[in-house]
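Dear colleague,

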Amino acid sequence: MARITFKAVTKRYAGDVVAVRDLDLEIFDKEFVVLLGPSGCGKSTTLNMIAGLEEVTEGELWFDDEIVNTLPPHRRDVAMVFQSYALYPHKSVYENIAFGLRMRRVAAEEIDRRVRDAAAKLEISHLLQRRPSQLSGGQRQRVALGRAMVRQPAVFLMDEPLSNLDAALRISMRAEIKHLHTAMQTTFVYVTHDQAEALTLADRIVVMNDGVIQQIGAPDDIYERPRNTFVASFLGNPPINYLDGTIEGADGAVSFRRGGMRVALPPALAARLRGSPGREVKLGIRPEDVSRHGLGAETPAMEGIVDTVLPVGSDRFLGLKVEGCDVFVRVDKQAHHREGEPVRLALVPERLHVFDKASGLSLLADGAP
Amino acid sequence: MTAITSLPRRAARFGGPTYDERNALVLIAPLATVLFAVAVFPILYSFYISLYGLKLTRPHRVPFVGLENYVTVLTDPQFWEAVGRTAAFSVMSVAAVAVIALLAALLLNEEFPGRRVLSAVLLVPWAIPYVANALMWKWIYDSNYGALNGLLYQLDFINSYMVWLGDADKTLALIANAFVWKEVPLAVILLLVGLKTIPADLYAAAKVDGANALQRFLHVTLPALKSSFALVIVYETMMAIRHFDLFFILTEGGPGDASHVVAWRIYVETFRNLNFGLGAAMSYILALATLALAYAVIRALAQRI
Ligand SMILES: Nc1ncnc2c1ncn2[C@@H]1O[C@H](COP(=O)(O)OP(=O)(O)O)[C@@H](O)[C@H]1O
Ligand SMILES: [Mg+2]
């Protein structure tokens, strides 16, 4: 049982480096929360504050109904998996996994039972007598997971646990970690800079930048309704395209305009923007939100010249020049476009994103400017 | 690719060394010559001497005596007394160096104001030559105007100046003290290097695992220091067993034979009694003993790394 609450938490390192600023976050019991953001945005710092490895400079950190600001790590009932795995190099795999239990004076038979149980689940039973230096990266990863699992902690913390693995292993381990969460029934807080990992694993994603939370929400929510251009750009690969332009209102219809391009906006947006013709905005179009089909006179569309064609097995990516901007889109593989050829693609109105040009804030979000 | 490059090499094998091999030999030759002259030759030559009855007091007669010099040394009870003193001196010195250096290294591995200054100061003894160090301690221990007497007298620990090095019970310990002072800095550096290689994550992991400061030291720091520690102990043991300068300058083996260690005995036998054959035999015994000891210590400490 553990609900973790940050109340206006700021973390300042020596030399006035503000790593985390005014963080408000509630992580529910048994939830899988992913802290996502670029390197240096304060993810590890946030995780280390939960672990008790870093002190909270200002604000309050709660575990359930208790303030834990000054509680040392070993009294917090947390277990942690490090990016470097941090296995004790001179101890056997067995002793590495058992160490946390030994420190807590768990009975020897119980330790043995739990270690063998975890090793069996992680399929490393045959490695128990080896040293970490005799293991592959993937095996070390499993030992690190095992060391955390046997503790049966209330909170399971992971700091970029997969980033030292090769691509294929990384993807298969995602599924295992998801299983682990289901099996263990505890709160998971997981740090990564890999948006695909976050989208796959999380119940909720916390997107951070420069020590400040940008958005909190379910993966679909964050992907479909990013609150600002940072979030929109950080999630999705290849990333979202932006076209700078202005809002035009004529005869009750509201549209986005850039040069000769005009895109009629859906009613929800139109209602918000009716009063501000001439406003400078960014139109956000995700690469997959275009279609070669359904082109009618009324559907919003985008015209451009094919610049590059990149076939990638299942799909085909096109680099387009649209009104002087580079736009990258995904089309089905039946599309046979040649470089230099003009194309016209339909846009899905509900999937368009419009951001204020100056602030980068989404004009779709609640409380938008 | 491989076929092409291997062709000339195979052809060359029939005609002696290749161009590369010849070049390598030419480049190695100067250093090999120097090494042979200053290291290999003396080692071989001193072994050769140890098999003869070479005494400069009767230089015209140098009989071949085989291993007789070795037998003489090993059956001489005075030699074994010297061995006992060398062992006592070495154990005292190495133990003190190891403990003090470990504490100092642990201290200097922490962040605190003045750490850099303290590190610099700690290195001073290292920079002092052995002979200068010995002369400095001779002055400190001096019975008439020594700093130790002055300090203890002013602090009222002693009522009158003491002849420190004249006390047979204290001599070895006082010489060991001077030796330790000189040797600690290098040991600190070796241990500090070992400490710096321990990843911070290991301490974080141990904290989360519930280890307290002492347990973190025992389970993370100490095992990681094992190889540095082995190095310190082997190196310092070798230095202590063979140490000569302090015995020469501070006591000349005295008072009586209280500091008559093996290294001093070799000097006396060779350069005072001018019995080169016996001196060489003793040197060889000391060298072999040092090697054997170093090997044993390395095996014992580094076996499970
Ligand atoms: N021990 C420290 N001392 C000073 N600054 C630190 C320390 N640890 C991290 N920082 C700084 O805090 C910021 C956030 O770091 P971190 O939480 O490690 O980021 P992330 O894990 O998201 O990459 C960075 O600017 C980093 O340089
Ligand atoms: Mg990090």
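A:Ala183 counts as exposed, because its relative accessibility is 61%, and the residue lies in helix H5 of chain A, which spans residues 167–184. Between A:Ala183 and A:Leu243 there are 45 Å from C-alpha to C-alpha, while along the chain the two are 60 residues apart. Please keep in mind throughout that this is a predicted model.

Chain A as a whole has nine helices and 20 strands, and its C-alpha atoms fill a box of roughly 80 × 45 × 35 Å along the principal axes. Of the 369 residues in chain A, 51% are buried. One residue of chain A that counts as buried is A:Lys11, at 6% relative accessibility, and this lysine is found in strand S1, residues 4–13. A polar atom of the A:Lys11 side chain lies 2.8 Å from the backbone oxygen of A:Glu55.

Two other lysines of chain A are placed over aromatic rings. The charged end of A:Lys7 sits over the ring of A:Trp62, at 4.4 Å from the ring centre, and A:Lys178 lies over the face of A:Phe32, with 5.8 Å to the centre of that ring.

Which residues surround ligand 1? The shell consists of A:Tyr13, A:Val17, A:Ala19, A:Pro38, A:Ser39, A:Gly40, A:Cys41, A:Gly42, A:Lys43, A:Ser44 and A:Thr45, and by residue type it divides into five nonpolar, five polar and one charged. Strand S2 (17–27) and helix H1 (43–51) of chain A are the elements that give two or more residues to the shell, and the largest share, three residues, comes from H1(A).

Some backbone details of chain A deserve a look as well. Most residues other than glycine have a negative phi, and most peptide bonds are trans. The peptide bond from A:Asn237 to A:Pro238, however, is cis, with omega near 0°, and A:Pro238 has its place in the loop between helix H8 (229–234) and strand S11 (241–250). A:Asp77, although not a glycine, has a positive phi of about 60°; this aspartate lies in the loop between strand S5 (66–67) and strand S6 (78–81), and at 37% relative accessibility A:Asp77 counts as partly exposed. A:Glu323 is not a glycine either and has a positive phi of about 50°; its place is in the loop between strand S17 (315–322) and strand S18 (325–331), and at 36% relative accessibility A:Glu323 counts as partly exposed.

Turning to the aromatic rings, the structure holds 26 aromatic pairs over all chains. The ring centres of B:Phe47 and B:Tyr284 are 5.2 Å apart and their planes stand at 55°, so this pair is tilted. The pair links distant parts of chain B, since B:Phe47 belongs to helix H2 (residues 19–50) and B:Tyr284 to helix H14 (residues 276–302), 237 residues apart.

Another aromatic pair, between B:Phe244 and B:Phe248, is stacked, with 5.4 Å from centre to centre and 20° between the planes. B:Phe244 counts as partly exposed at 23% relative accessibility, and B:Phe248 is partly exposed with a relative accessible area of 32%. These two residues form one aromatic cluster together with B:Trp264, B:Tyr267, B:Phe271 and B:Phe276.

Finally, B:Arg22 has its place in helix H2 of chain B and is partly exposed, with a relative accessible area of 48%. B:Arg22 and B:Ile241 are 219 residues apart in sequence, and their C-alpha atoms are 42 Å apart in space.

With best regards

How values were computed: Residues numbered from 1 in each chain as written. Chains lettered and ligands numbered in written order. Predicted model: local features only at pLDDT ≥ 70, side-chain atom pairs only at ≥ 80, totals over all residues. Heavy atoms only, no water. Phe/Tyr/Trp six-rings, centres within 6.5 Å; stacked < 30°, edge-to-face > 60°. Helix = DSSP H or I, 4+ residues; strand = E, 2+ residues; numbered from the N terminus. Buried < 20%, exposed > 50% of the residue type's maximum accessible area, 1.4 Å probe, protein only. Lys NZ or Arg CZ within 6 Å of the ring centre and 35° of its normal. Near = heavy atom within 4 Å. Nonpolar A, V, L, I, M, F, W, Y, C, P; charged D, E, K, R; others polar. Polar contact = N/O pair within 3.5 Å; in protein donor to acceptor, adjacent residues only side chain to side chain.
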